[in-house]
Amino acid sequence: MPNVDITFLGTGAGMCVYRNHTAIVLDCPDGTRLLLDTASGNSVIRQAAAVGMLAQEFEQVLLTHHHGDHMGGLPYIQGQRSLTNPEGPPLRIYSSEEALEAVRMYCKATRLRVINVDQEGATTGNGHQVFQWHPTEAGQRVDLGATTWASSFPVDHISGSVGWRVEAGGVSIVFSGDTRLSTNLVEAAQGARLLIHEALSVESNLEDTNGRGHSVAAGAGRAAAQAGVQELVLTHIDSPFHLDPQPLIDDARRFFDGPISVASDLYQMTVAAG
Ligand SMILES: [Zn+2]
Ligand SMILES: [Zn+2]
């Protein structure tokens, strides 16, 4: 049976003071390694190193949007890749064109080992390409490995935000990125083996949470039930739920009766087709 190994490098909401920002690794049955979002600063390469993953092993990034807590780690991943493997292939970044335009500006601003940034990618001083942009339309199939492919769908957060559905050797995994409860997500996640959904708070804080562009756990539970997924993992956790995430599980449980868990930093799980 093919398995996908999932490693949560960071599971904290943008303002969470206890957790690293969002980054998830998918190790797919055909050997493809995908990074979903990049956390911020150097936390992604520190967390990866803690579980024996090196930056040069990352070659493909599926980015959900251009908030700093999701794309801010990119220059540091690339800087480490350039140091350890200067002639290595470029890091391929897949996202909406709007998000990629913001990433280009961020790379120019930080200037970490990147000298030229254009519409194709980014190069170092000796002309070696280190980033390659792959603007992706919603619903467009992106082939990532022999039996691994993905497609994005627009979600309800900032303009240009997407979620991703990854198909890996018959295992389907959907990641919401940041979003309010999204009908596009429900449609895209139909029948998925696993839904990884953000959950900033609980339903009693719905108005405030939606006002910040996010979902409550009850919304994640609704999405999971409406999409008919087999399992739900909650992530993008805020400070009040760091030590005791049970209220998030209880909130989602009111709508979804399958397995529900809350990710934590360096949490690893294996998902088999089913
Ligand atoms: Zn976020
Ligand atoms: Zn965001």
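**H134.** I started with H134 and counted 17 C-beta neighbours inside 10 Å, so H134 goes down as partly exposed. The model is predicted, and every entry here should be read as such. H134 sits in strand β8, residues 129-135. I listed its contacts, leaving aside neighbours within four places in sequence, and got R92, I93 and Y94.

**The open sheet.** Where does β8 belong? I found it in an open sheet of nine strands, in the order β6-β7-β8-β5-β4-β3-β2-β1-β16, with mixed pairing. β6 (116-117) and β16 (268-272) are at the edges; each has a single partner strand, so one side of each lacks a neighbour in the sheet. I looked at the β6 edge in detail. β6 pairs with β7 (residues 121-123) in the antiparallel sense, over two bridges. The bridge partner of N116 in β7 is T123.

**Helix α1.** I then turned to what lies on the sheet. α1 lies across β1 and β2, and I noted an angle of about 130 degrees between α1 and β1. Which residues of α1 (43-50) are buried? I have S43, V44, I45, Q47 and A48. Their cover includes β1 (3-10), β2 (23-27) and α3 (74-84). After α1 comes G52, for which I read a positive phi, near 80 degrees.

β13 (residues 194-198) pairs with β14 in the parallel sense over four bridges, and I196 has V233 in β14 as its bridge partner. β14 also pairs with β15 (residues 260-262), again in the parallel sense, over three bridges. There I found L234 opposite V262 of β15. To get from β14 to β15 the chain passes through helix α8 (residues 246-253), and I recorded this β-α-β crossover as right-handed.

**Core.** I looked up the largest nonpolar core, which has 82 residues. Which members touch the most others? They are L26, I173 and L195. Helix α7 (residues 217-227) gives this core its largest share, six residues. I took I173 as a case to follow up. Leaving aside neighbours within four places in sequence, I173 is in contact with V4, L26, V166, A168, A192, R193, L194, I196 and V271. Among these contacts is L26, itself one of the residues with the most core partners. I196, also on the list, is the residue bridged to V233 of β14.

**Whole chain.** I left the totals to the end. The chain has eight helices and 16 strands. Its radius of gyration is 17 Å, close to the 19 Å of the globule rule for 274 residues, so I note the chain as being as compact as a globular protein of that length. Along the principal axes, the C-alpha atoms fill a box of roughly 55 × 40 × 35 Å. Buried residues make up 53% of the 274. Taking contacts between residues at least 6 apart in sequence, I found that 63% join residues at least 24 apart.

Notes. Residues are numbered from 1 along each chain as its sequence is written. Chains are lettered from A and ligands numbered from 1 in the order in which they are written. This is a predicted model: local features need pLDDT of at least 70, side-chain atom pairs count only at pLDDT 80 or more; totals for chains, interfaces and linings use all residues. A residue is buried if 20 or more other C-beta atoms lie within 10 Å of its own, exposed if 12 or fewer, and partly exposed in between; C-beta atoms are placed from the backbone. Two residues are in contact if their C-beta atoms, placed from the backbone, lie within 7 Å. Two strands pair if DSSP finds at least two bridges between them. Axes are lines fitted to C-alpha atoms, for helices over the stretch in contact, and angles run from 0 to 180 degrees between N-to-C directions. A nonpolar core is a set of buried Ala, Val, Leu, Ile, Met, Phe, Trp, Tyr and Cys residues joined through C-beta atoms within 7 Å. The radius of gyration is taken over C-alpha atoms; the globule rule is 2.2 Å times the number of residues to the power 0.38. A crossover is right-handed if, with the strands pointing away from the viewer, the path from the first strand over the helix to the second runs clockwise.
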